[in-house]
Amino acid sequence: MTDEEIVRLITAQDFVGLEKMIAVYGQTIIKTIRGVLSKSDERTSWGDCENEVFYTLWQKIPTYDKQKSSLATFIMVITRNKAIDFKRKQQKQSSRQTEFQEERIDQNYRQEENPLAKEKFLELLDTLSKQDQLIFLHYYFYQTPPHEIAQLLAINVSAVYNHLSRGKVRLQSALKEELS
C-alpha cells in the first residue's frame, strides 16, 4: 500500500488506513519511542506513548503535505516529539530530577523549541534522495549505529558513511542557496 493510500484512508477516518500505517511504520515508531524513553524507569511509558503517537497521527494525518516531507519523515517527527514530551513529563514528576538532567535534555532537543527550525530541517532533507533521507533520519534523528542502518537498507557500512558525507555536502549547498 502506498503512502498516498494510507493518507487517504486515514483522512477518511478509515481504520484500515491506521492498520496499514502501523504495518508499514510500526517498527520504526516503536524503535524511536524506545530510543528516546530508554531508561529503566521510562519503560513503563512505552505503551502509553505508542497509543498517544497513533492517536496524534490519526488526528494530524489530514494536515500532512507531501510537498514538505515524506510520510515517513512526518511520522518520525511526530513520534519523536511525543516521546520527548513523555520523557519531559516523567522527569517533572520525578523527585530525583536534577539540574544536570534538565540541561542535558534541553541541549539534546533544543531544536524542538523552535518550530521553524523543524520545518527548515524537513525542507532541507527533501533535497536529498529517499535513501539519503532515511539514512540521515536514522543516523542523526534516531541515532541508529551505521551498521544497523546498513542492515536495514541492505547496503555496506561504507556506503552509509558515503551517503552521510555526500548528503552533508548537498545539505550545505542547499542551505547556502537558501541563505543567499
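Over the ring of which residue does the charged end of K89 sit? In this predicted model, the ring in question is that of F86, and the charged end of K89 lies 5.0 Å from its centre.

Aromatic contacts were examined next. A pair of aromatic rings is described by the distance of the centres and the angle of the planes. Four aromatic pairs were found when the whole structure was searched. In one of them, formed by F136 and Y140, the ring centres are 5.4 Å apart and the planes meet at 40°; the pair is therefore tilted, since planes under 30 degrees apart would count as stacked and those over 60 as edge-to-face. Both residues belong to helix 7, which spans residues 130-141, and their separation of four residues corresponds to about one turn of the helix. An α-helix has 3.6 residues a turn, so residues three or four places apart point the same way. Y139 is itself partly exposed, its relative accessibility being 28%. Through these ring pairs, F136, Y139 and Y140 are linked into a cluster.

Helix 8, comprising residues 146-153, has P146, I149 and A150 as its buried residues. When the helix is viewed down its axis, these buried residues fall within an arc of 100° and therefore line one face of helix 8. Q151 and L152, on the other side of helix 8, are exposed. The packing partners of the buried residues of helix 8 are helix 7 and helix 9. Just after helix 8, the backbone at A154 adopts a positive phi of about 55°.

Helix 9 extends over residues 157-179 and includes R170. With a relative accessible area of 38%, R170 is partly exposed. Apart from neighbours within four places in sequence, the residues in contact with R170 are L128 and D132. Along the chain, R170 and L128 are 42 residues apart, yet their C-alpha atoms are separated by 7.3 Å.

Conventions:
Residues are numbered from 1 along each chain as its sequence is written. This is a predicted model: local features need pLDDT of at least 70, side-chain atom pairs count only at pLDDT 80 or more; totals for chains, interfaces and linings use all residues. Side-chain values use heavy atoms; hydrogens and water are left out. Rings of Phe, Tyr and Trp (its six-membered ring) pair if their centres lie within 6.5 Å; planes under 30 degrees apart count as stacked, over 60 as edge-to-face and the rest as tilted. Helices (H or I, at least four residues) and strands (E, at least two) are DSSP runs, numbered from the N terminus. Buried means under 20% relative accessible area, exposed over 50%, partly exposed in between (1.4 Å probe, protein chains only). A charge sits over a ring if NZ of Lys or CZ of Arg is within 6 Å of the ring centre and within 35 degrees of the ring normal. Contact means heavy atoms within 4.5 Å. The arc is that of the directions from the helix axis to the C-beta atoms.
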